[in-house]
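Hi,

Here is the structure I said I would pass on.

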Amino acid sequence: MYTQGLDSLGKECVHTAAGDTAALEARFQGKVDADEKIEPKDWMPDAYRQTLIRQISQHAHSEIVGMLPEGNWISRAPTLRRKAVLIAKVQDEGGHGMYLYSAAETLGIEREQMLEQLLAGTAKYSSIFNYPTLTWADIGAIGWLVDGAAIMNQIPICRCSYGPYARAMVRICKEESFHQRQGFEIMLALARGTPEQQAMAQDALNRWWWPSIMMFGPSDTESRHTAQSMRWKIKRFTNDELRQKFIDITAPQAQFLGLQIPDPDLAWDESTQHFKFGQIDWSEFQAVLKGHGPCNRERLEARRSAHENGRWVREAAAAHAEKQRARAQRAA
Amino acid sequence: MSAASRSITPGPVQSAHCRYLLRLGDTSLVLGQRLAEWVGHSPALEEDLGLANLSLDLIGQARLLLSYAGELEGQGRDEDALAFLRDAPAFLNMTLAEQPNGDFGRTIVRQCLLDAWQLEVYAGLADSSDRRLASIAAKAIKETRYHFRFSSGWLVRLGDGTEESHRRVQEALNELWRFTTELFAADEVDDALAAAGVAPGLAELQPRWSARIDEVLQEATLVRPAPVPYQWHGKRGVHTEYLGHVLAEMQHLQRTYPGAQW
């Protein structure tokens, strides 16, 4: 899955250049410009480090929180094959979370700290997961649209200047493309199914379309940090470029499915060779981001209660490991 | 009248061979369904991935076993018709598999008891005169060895962990032990299959299971509960109240939209 707002820098990430730092920064930027990878032990500007920690941990959190809306349908998947594929997909997302937490750890933050930030509500995750999965078709729509948007965003990150993040993303992208195909396949089965199934598919598209295209983040005129992230080659394309690319690819797919994208302004523009689309309701995006989406509370509550309910298990594992160490010492 | 003799088996008359496959397949299916309830809610990310793995393997086993059972039955029912369109009395899983997850410790106890049982059953099926079943078992036993490593490893950690974890798993063990009698209570289906060289005799498997469990319990510093005489009869279609709820949820779409393709 994916996190939006990948270019958001925190207030603490003030770019300070003085004395020696200037030379180090010049060398750093030289490497970036030459398309060399920055590795964990290399010098890097603090703002670059903080931006990556924020971005990678948001991305990891999104994978973990993203397990919840889809996990909601595992027990009700309509066939055993669909059930197995969905479990595998949700499990992949947990795996992605794990690689990403590891990639973030190379920057000097512990997974435990990142988890605390998530549970405290101070870390962001992709707001798309604050929407509910109300029918089986939502599982198709998530794979098709949400994973489709994720791929669009993530493929450029495979060439990100930070080595561990870029490498994690190569593996993640391969799995995401399988996720996207399974989502489309679910939609196709519904679109070719009974009138009730077709209605279910259309309803899911109606609810997921706008949140999906919001996943690319604010429009370029509103996105303050795109320029810096592009200079650092953390970001390769602007939000609007990626959004346009997604819509250009997805609109014909909807047509193939016989479904109507819920945007009366959506139309092919011969002059630009792109689809035109209607106004995005950014107030909705901002509201969900601020915690007022349909499921923000439920998602965080689910993560918190898993963490709390698992505390005694983690304590037991630590206590057992300690006993084992003590026994080994006595035996030695 | 015992619970078993009151059991009803609606639908087509099934051969002992078919019923045996349903017992194995339904046990894997119901247990896999239960484990999947953990996905996204486990004590740590690693355990989330581990439990999802187990669930996935079990559902894979169920698909192979139910498809085969459907063919033997000869009524045109495939894996999905069997999984989604039978009611509780036609499910033949071991009663232990349908018991609720409870906390992580209870899930681990249930898992370890059933993994150890599946290990013996699948090992015994390696020599089955039914080559198709033998090949399903050969694949399944590799998965089950990993499952048992996972569940027994956790049972030891929890049993020999903190006071709280020890108390929790001992209570779960005491609570679930009564369902283990059924695992080795042979009836006419088991006897017929053993006589035909299709399935191992349950009486032979019991001591090996028992020794394996004792070894884990000892390392986990847990006390083996006293034998409980009452036998449960999930494998004859007489279940606890829990199964109906598992099925109501699992079968929801197939029941609501009859005949739809997904």
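This is a predicted model: local features need pLDDT of at least 70, side-chain atom pairs count only at pLDDT 80 or more; totals for chains, interfaces and linings use all residues.

Below is what turned up, starting with the interface and then moving to chain B.

The A/B interface

Chain A and chain B bury about 3900 Å² between them, and 68% of that is on carbon and sulfur atoms. Leu80(A), Gln91(A) and Trp312(A) are the trio to click on: they supply 20% of the area that chain A buries against chain B, more than any other three residues. In residue terms, the contact takes 46 from chain A and 45 from chain B.

Several helices of chain A give two or more residues to the side touching chain B, among them α2 (46-71), α6 (163-191) and α12 (311-331). The top contributor is α3(A), with 14 residues. Sorted by class, that side of chain A has 25 nonpolar, ten polar and eleven charged residues.

Chain B by itself

Chain B has ten helices and zero strands. Its radius of gyration is 18 Å, close to the 18 Å that the globule rule gives for 262 residues, so chain B is as compact as a globular protein of that length. Its C-alpha atoms fill a box of roughly 55 × 40 × 40 Å along the principal axes. Buried residues make up 60% of the chain. Of the contacts in chain B with a separation of 6 or more, 82% are between residues 24 or more positions apart.

Cheers

Terms used:
Residues are numbered from 1 along each chain as its sequence is written. Chains are lettered from A and ligands numbered from 1 in the order in which they are written. Side-chain values use heavy atoms; hydrogens and water are left out. Contact means heavy atoms within 4.5 Å. Buried area is the accessible area (1.4 Å probe) that two parts lose on being put together, summed over both. Helices (H or I, at least four residues) and strands (E, at least two) are DSSP runs, numbered from the N terminus. Ala, Val, Leu, Ile, Met, Phe, Trp, Tyr, Cys and Pro count as nonpolar, Asp, Glu, Lys and Arg as charged, and the others, Gly among them, as polar. The radius of gyration is taken over C-alpha atoms; the globule rule is 2.2 Å times the number of residues to the power 0.38. Buried means under 20% relative accessible area, exposed over 50%, partly exposed in between (1.4 Å probe, protein chains only).
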